[in-house]
Amino acid sequence: MIWQTLAWVFHEIVIASPSQTFYSLGRMVQTSAFWKNVFITVERFGVSLFLGSLGGFAAGLAAGLNAGVRWLLEPLRWCLMTMPPVILVVVGMIWFGMGNVQTIFVTALLIMPIVYINTIEGIEAVDTRLLEMGTVYRAHLRLFLEDIYLPGIGGHVLAGLTIAAGLGIRIVILAELLGAHSGIGHAFALARINLDTPALFAWVIVSLTMVGVIDLAILQPVRKHLTKWK
């Protein structure tokens, strides 16, 4: 196993072995502090994903249906996707201080462009023949949205949400690491200060598990449902 081999080669402060990591994880899950930090991070992530996805979907829908709106939003989208997350974390700390608000603000802001782009791609992928038929029969806007656009862009939006979920966890943890007194990121910071490498690796496993559960238990079933609807 590559992980175990690297643990034999390098000092335990650099790479914790699988046995050390899972032993540390076993001890952590028995404490109330572990579950408190996990709950706080999940709560921040959930709120951030909801707000970022909602904002990105609304902006993408407007931009996909109106070229003028897209022209106005593209520079902002480009800035958010090219700016290093740590810069926004620092700005968020200056504006909102340390804690929930800056963490949610930064994460939601960086999730928005991903959902925005996927929403636009979904709109552009809608069958033009359906749009022409709706135009010929003078279908109203609500019919266009509910029966033509939404079934067509659902898969694209959920694909964006899958990417956003993975990115969102990383951003939340980064924001907590730099500017919070609770959550998984804060636990990371404490483990780093104490040179507790097994705890660091244990928290990595927890983070990966969270993303996997969100994707497999929530996003994939919803994606399959929308595919059948389409």
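Which residue just after H9 takes a positive phi? The legends below, drawn from a predicted model, begin with the answer.

**Figure 1. Helix H9 and the residue that follows.** Leu195 is the residue in question, with a positive phi of about 55 degrees just after H9. Helix H9 itself covers residues 184-193. Its buried residues are Ile184, Gly185, Ala187, Phe188, Ala189 and Ala191.

**Figure 2. The whole protein chain.** In this predicted model, the protein chain has 10 helices and zero strands. Read from the N terminus, the order of elements is therefore simply α-α-α-α-α-α-α-α-α-α. The protein chain has 230 residues, and 41% of them are buried. Among contacts with a separation of 6 or more, 73% join residues 24 or more positions apart.

**Figure 3. Thr197 in helix H10.** Helix H10 spans residues 197-229, and Thr197 belongs to this helix. Is Thr197 buried or exposed? Thr197 counts as buried because its relative accessibility is 5%, under the 20% limit. Leaving aside residues up to four places away in sequence, Thr197 touches Glu12, Ile13, Val14, Ile15 and Ala16.

**Figure 4. Aromatic pairs, with Phe34 and Trp203 in view.** How many aromatic pairs are there? The count comes to five. One of them joins Phe34 and Trp203, whose ring centres are 5.1 Å apart and whose planes lie at 25 degrees. This pair is stacked because its planes are under 30 degrees apart. Phe34 sits in helix H3 (residues 32-65) and Trp203 in helix H10, so the pair links distant parts of the chain, 169 residues apart. Phe34 is buried, with a relative accessible area of 5%. Trp203 also counts as buried, at 5% relative accessibility. Ring pairs join Phe34, Trp35 and Trp203 into a cluster.

**Figure 5. The aromatic pair of Trp95 and Phe96.** Trp95 and Phe96 form an edge-to-face pair, 6.3 Å from centre to centre, with 85 degrees between the planes. The label edge-to-face applies because the planes are over 60 degrees apart. Trp95 counts as exposed, with a relative accessibility of 57%. Phe96 is partly exposed, with a relative accessible area of 39%; that value falls between the limits of 20% for buried and 50% for exposed.

**Figure 6. Ile94 in helix H5.** Helix H5 runs over residues 85-96 and includes Ile94. Ile94 counts as exposed because its relative accessibility is 66%, over the 50% limit.

**Figure 7. Helix H4 against helix H6.** Two packed helices are described by the angle between their axes and the distance between the axes. Helix H4 covers residues 67-82 and helix H6 covers residues 100-124. Their axes come within 9 Å and cross at roughly 135 degrees. That angle makes H4 oblique to H6, because angles count as roughly antiparallel only over 145 degrees. The crossing of H4 with H6 is left-handed. On the H4 side, the residues that meet H6 are Arg70, Leu73, Glu74, Arg77, Leu80 and Met81. On the H6 side, they are Leu109, Leu110, Pro113, Tyr116, Ile117, Ile120 and Glu124. The residues of this contact divide into nine nonpolar, no polar and four charged.

**Figure 8. Helix H3 against helix H6.** At what angle do H3 and H6 pack? They pack at about 35 degrees, and their axes are 6 Å apart. The crossing of H3 and H6 is right-handed. The residues of the contact of H3 with H6 divide into 16 nonpolar, 11 polar and one charged.

**Figure 9. Asn118 in helix H6.** Asn118 lies in helix H6. With a relative accessibility of 11%, Asn118 counts as buried. Which residues does Asn118 touch, not counting residues up to four places away in sequence? They are His156, Val157, Ala159 and Gly160.

Conventions
Residues numbered from 1 in each chain as written. Predicted model: local features only at pLDDT ≥ 70, side-chain atom pairs only at ≥ 80, totals over all residues. Heavy atoms only, no water. Helix = DSSP H or I, 4+ residues; strand = E, 2+ residues; numbered from the N terminus. Buried < 20%, exposed > 50% of the residue type's maximum accessible area, 1.4 Å probe, protein only. Contact = heavy atoms within 4.5 Å. Phe/Tyr/Trp six-rings, centres within 6.5 Å; stacked < 30°, edge-to-face > 60°. Axes fitted to C-alpha atoms, helices over the stretch in contact; angles between N-to-C directions. Parallel < 35°, antiparallel > 145°, perpendicular 65-115°, else oblique. Left-handed = near helix turned anticlockwise from the far one by under 90°. Nonpolar A, V, L, I, M, F, W, Y, C, P; charged D, E, K, R; others polar.
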